[in-house]
Amino acid sequence: MTTSPQTFSCANHVPLPVKNRAGDNFCYNCIIESFQSPAYNLARRLLGDWSLAEDAVQEGFVSGYRAFAQFRGGNLKAWVMRIVANNCRDMLRSRRARPTVSLDPVNSDDPDDPTPSAVDIPSKDESPEDHAQRSELRRALDAGLNSLPQEQKMALLLVDVQGFSYEEAAQTMSCSLGTVKSRVSRGRSGMRDFLRTTGELLPSQFRQDR
Amino acid sequence: MLHLFGRHRHLSQQVLNEYLDKRLPDFARQRAERALAACAVCNQELASLAAVTSMLRQALHATPRRSFIWTAPPPPAVRASLFLRLPNWSYAGAASLAGLVLAVMVSADAMGILSPPGQAAVGRESFMATPPSQELTVQGTPSPAGDTARSMKSADPASGSAESGQPPQPAAAAPTAPDATRAPFADVASPPSGPSGAAPPLPGAELTAVSTEGAAEVIATYDAELPGATPVFWRALEGAVAVAALGFLLALLLRRRRVRG
Ligand SMILES: [Zn+2]
Ligand SMILES: [Zn+2]
């Protein structure tokens, strides 16, 4: 009756069996393995700080582990991401209360930031010009996302960046499908307008002289 | 071109986005396709939104510096005290109960019922008796002294200041008149429950005797047991109840912030 942890492919980690409210068995390390990267990326963009993002994800996994028995089943990814996103929201609130900590935009030039190397890896054969353009674009995107209201930014991060369905995004943000649609719509329009005003390096679609 | 199809209203941003995400129902999708085929403005809007979307899709994902996988499960959480583990409704219930008690106390206080014991207050208290009686019973245990105190009180309005010897007597006696008008109400609210101990001669006193015996007894008991009870005592009690209500509300708010499955 109990699914043994071997059901999961626990190749690289210690099996950590957990059971949700519906009685389904999972390996919590497998859950971590599946969602740590999207969770980290979401947190990093929400918080604008990679080391805070690591804390948010780590704490999120811990509280998820402790609350796992209350998980009723359903979309596990949305459940995990909701916990992490709530963590980030709480951290942002407490950080706002402490103005000594700077609110840098996502892509600081912090040499310790692991992001640039990770981001720049994909195409090894790209020219220096392409490379420069790519990082400019990345900067513009992050600035555009940061210019949006928090919920619209979150909706775009989930739906466009992470590829969530509207339904998953609604579960993650604890809101209705209609709310997700309107946040996505307003977020994209906001991004487009932002990129239009700052758009030297933008694809031709953004030039209004077209 | 456009004018051949009659008046054209540009597609809304939301429709364009839903079209882009293939979330439009068939009829709306076909309508959007017709508009897009005919209108360059709508087309360009769609293209710009599509470009934003594709840029966001290409946004690169960073790899965390370290894996979050555990070698051992985290230590169990420090369990919250029992006070924080009770179900949410118990906090809401306790908070509203405390609020209700507070409201009753404050309004009773405002009506002067809680002013120094004596005289007319008795008549008014029996009018108000039903709600506060519960909390009042907690204050003191019934005692045989109650009967005597009550009869003494019933007699008070009749016999005047000579007997009680308290300075505020004349002023406090004034409200007796309204009490008489309330007599029917008091009777409806609490029908005569039994014979009264003393048989006072005046109507005002009779009203007291006829109204809720239990309540009168409680007040009498209260007077007898806590002779030092003053407005200060009531203010302190009100403060304590208010603090309790706020405490329960605060506990409820704190709990709401926690992650729930
Ligand atoms: Zn596993
Ligand atoms: Zn149009």
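Student: Hi! How many helices and strands does chain A have?

Tutor: Welcome! This is a predicted model, and in it chain A has eight helices and two strands.

Student: In what order do the elements of chain A run from the N terminus on?

Tutor: The order is β-β-α-α-α-α-α-α-α-α.

Student: And what share of the residues of chain A count as buried?

Tutor: Chain A has 210 residues, and 50% of them count as buried. As for its contacts with a separation of 6 or more, 58% are between residues 24 or more positions apart.

Student: Let's pick two helices. At what angle do H6(A) and H8(A) pack?

Tutor: Helix H6 of chain A, residues 150-161, packs against H8(A) at about 95 degrees, and the two axes are 8 Å apart. Angles from 65 to 115 degrees count as roughly perpendicular, so that is the word for how H6(A) sits relative to H8(A).

Student: Which residues meet there?

Tutor: On the H6(A) side they include Ala155(A), Leu156(A) and Val159(A). On the H8(A) side, Val180(A), Val184(A), Gly187(A) and Met191(A) are among them.

Student: Switching topic: what coordinates the zinc ion (ligand 2)?

Tutor: Four residues of chain B do that: His8(B) through NE2, His10(B) through ND1, and Cys39(B) and Cys42(B) each through SG. The distances run from 1.9 to 2.3 Å. Along the chain, these donors follow the spacing H-x1-H-x28-C-x2-C.

Student: Which parts of chain B do His8(B) and Cys39(B) lie in?

Tutor: His8(B) is in the segment before helix H1 (13-20), while Cys39(B) is in the loop between helix H2 (26-38) and helix H3 (40-58). The pair therefore ties together parts of chain B that are 31 residues apart in sequence.

Student: Why is the arrangement around the zinc ion (ligand 2) tetrahedral?

Tutor: Because the angles subtended by the four donor atoms are 105 to 116 degrees. Four donors count as tetrahedral if all angles lie between 85 and 135 degrees.

Student: Now salt bridges. How many are there over all chains?

Tutor: The count comes to 15. One of them is between the side chains of Glu54(A) and Arg65(B), at 3.0 Å from N to O.

Student: Where do Glu54(A) and Arg65(B) lie?

Tutor: Glu54(A) is in helix H2 of chain A, residues 50-66, and Arg65(B) is in the loop between H3 and helix H4 (82-85) of chain B, so this pair joins two chains. Glu54(A) counts as buried at 5% relative accessibility, whereas Arg65(B) is partly exposed at 49%.

Student: What about Glu18(B) and Lys181(A)?

Tutor: Their side chains meet in a salt bridge too, at 3.8 Å from N to O. This pair crosses between chains, from helix H1 of chain B to helix H8 of chain A, residues 177-197. Both Glu18(B) and Lys181(A) are buried.

Student: Last one: which residues are linked with Arg192(A) in a network of salt bridges?

Tutor: That network links Arg192(A) with Asp193(A), Arg196(A) and Glu45(B). The side chains of Arg192(A) and Asp193(A) meet at 3.1 Å, N to O. Arg192(A) counts as buried, with 3% relative accessibility, and Asp193(A) is partly exposed, with 38%.

Technical notes. Residues are numbered from 1 along each chain as its sequence is written. Chains are lettered from A and ligands numbered from 1 in the order in which they are written. This is a predicted model: local features need pLDDT of at least 70, side-chain atom pairs count only at pLDDT 80 or more; totals for chains, interfaces and linings use all residues. Side-chain values use heavy atoms; hydrogens and water are left out. Donors are N, O and S atoms within 2.8 Å of the metal (3.2 Å for Na, K and Ca); water is not among the atoms, so sites may look incomplete. Four donors count as tetrahedral if all angles lie between 85 and 135 degrees; four count as square planar and six as octahedral if opposite donors are over 155 degrees apart and all others between 65 and 115; anything else is irregular. Helices (H or I, at least four residues) and strands (E, at least two) are DSSP runs, numbered from the N terminus. A salt bridge is a side-chain nitrogen of Lys or Arg within 4 Å of a carboxyl oxygen of Asp or Glu. Buried means under 20% relative accessible area, exposed over 50%, partly exposed in between (1.4 Å probe, protein chains only). Axes are lines fitted to C-alpha atoms, for helices over the stretch in contact, and angles run from 0 to 180 degrees between N-to-C directions. Angles under 35 degrees count as roughly parallel, over 145 as roughly antiparallel, 65 to 115 as roughly perpendicular and the rest as oblique. Contact means heavy atoms within 4.5 Å.
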